[in-house]
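Thanks for coming, everyone. Please look at the screen while I bring up today's chain.

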Amino acid sequence: MNVSRKNNISPSTVRVIACGMIAREVLAIRQSLGLDHVQLTCLPADFHHHPDKIPAAVDRAISEARTEGIDHVFVGYADCGTGGLLDEVCKRHGVERIAGPHCFSFYTGNAKFAEQWEDDMTSFFMTDFLARHFETFMVKPLGLNRHPELRDMYFGHYKKMIYMAQTDDPELDLKAERAAQFLGLAYERRFTGYGDLPSALAKAASVPS
């Protein structure tokens with residue numbers, strides 16, 4: 001998904017290179033804060049399952065933005081399982097990323113997530129995106145539709161599912177609860193909103209004049 005247009009580039013343009021899993025949320029924040037100079041380029045959401053692909057893909061996307069003449073780039077990823085390799089890419093290009101280990105943390109708020117980790121460490125986390133795409137993004141890729149016996153192998157060490165809701169959507173609530181039932185997990189809903197994401201985007205969008 002690429003919401004960027006080369007002919008719309010100006011000195012104030014900020015290119016956000018983000019995970020496809022947070023595209024809807026970035027666009028919602030962009031609209032609510034009136035960040036019309038922010039352009040969004042999304043990398044495939046399924047990199048969530050393949051974090052080793054993230055650093056090289058972000059590296060290419062930043063280089064492409066520079067080629068287009070965009071000076072201001074922000075990386076819409078946390079570390080996301082890259083083991084610090086994404087930070088190396090960011091450092092090399094002189095750009096920043098969203099603080100935190102992963103989206104579950106920055107949606108909760110990184111400080112709050114760290115405080116709750118001891119209690120939540122045996123929980124499986126779900127977001128609006130994962131609730132919306134549970135079948136296509138989790139069940140089928142893991143083969144649970146073909147081999148239901150794999151469920152306990154993948155999820156047997158979890159005690160409950162925590163649905164971190166970005167929005168108040170009864171349909172997503174129902175999907176999340178059904179997903180927990182499918183996985184054999186207790187269910188808890190927590191409304192997080194967008195957590196640290198709005199402030200991170202607002203800061204990234206503040207381009208010196």
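First, the ground rules. This is a predicted model: local features need pLDDT of at least 70, side-chain atom pairs count only at pLDDT 80 or more, and totals for chains, interfaces and linings use all residues. Residues are numbered from 1 along each chain as its sequence is written, and side-chain values use heavy atoms, with hydrogens and water left out.

Now the overall picture. The protein chain has ten helices and seven strands. Those are DSSP runs, numbered from the N terminus: helices are H or I with at least four residues, strands are E with at least two. The radius of gyration is 18 Å, close to the 17 Å from the globule rule for 209 residues, so the chain is as compact as a globular protein of that length. That radius is taken over C-alpha atoms, and the rule is 2.2 Å times the number of residues to the power 0.38. Along its principal axes, the C-alpha trace spans about 55 × 30 × 30 Å.

How much of the chain is buried? Buried residues make up 45% of the 209. Buried means under 20% relative accessible area, exposed over 50%, and partly exposed in between, with a 1.4 Å probe and protein chains only.

On to the core. The largest nonpolar core has 67 residues. Such a core is a set of buried Ala, Val, Leu, Ile, Met, Phe, Trp, Tyr and Cys residues joined through side-chain atoms within 4.5 Å. Val-58, Tyr-77 and Met-126 have the most contacts inside it. Helix α2, residues 54-67, gives the most to this core: six residues. Take Tyr-77. Leaving out residues up to four places away in sequence, Tyr-77 touches several partners, including Ile-17, Leu-43, Phe-47, Val-58 and Arg-97. Contact here means heavy atoms within 4.5 Å.

Next, Thr-127. Find it in the loop between β5 (123-126) and α6 (128-132). Thr-127 counts as buried, at 2% relative accessibility. Beyond four places in sequence, its contacts include Met-21, Phe-104 and Tyr-163. Glu-177 is 50 residues from Thr-127 in sequence, and 12 Å away in space, C-alpha to C-alpha.

Last stop, Cys-80. Look in the loop between β3 (72-76) and α3 (85-93). Cys-80 is partly exposed, with a relative accessible area of 22%. What is the phi of Cys-80? Positive, about 55°, although Cys-80 is not a glycine. Most residues other than glycine have a negative phi.
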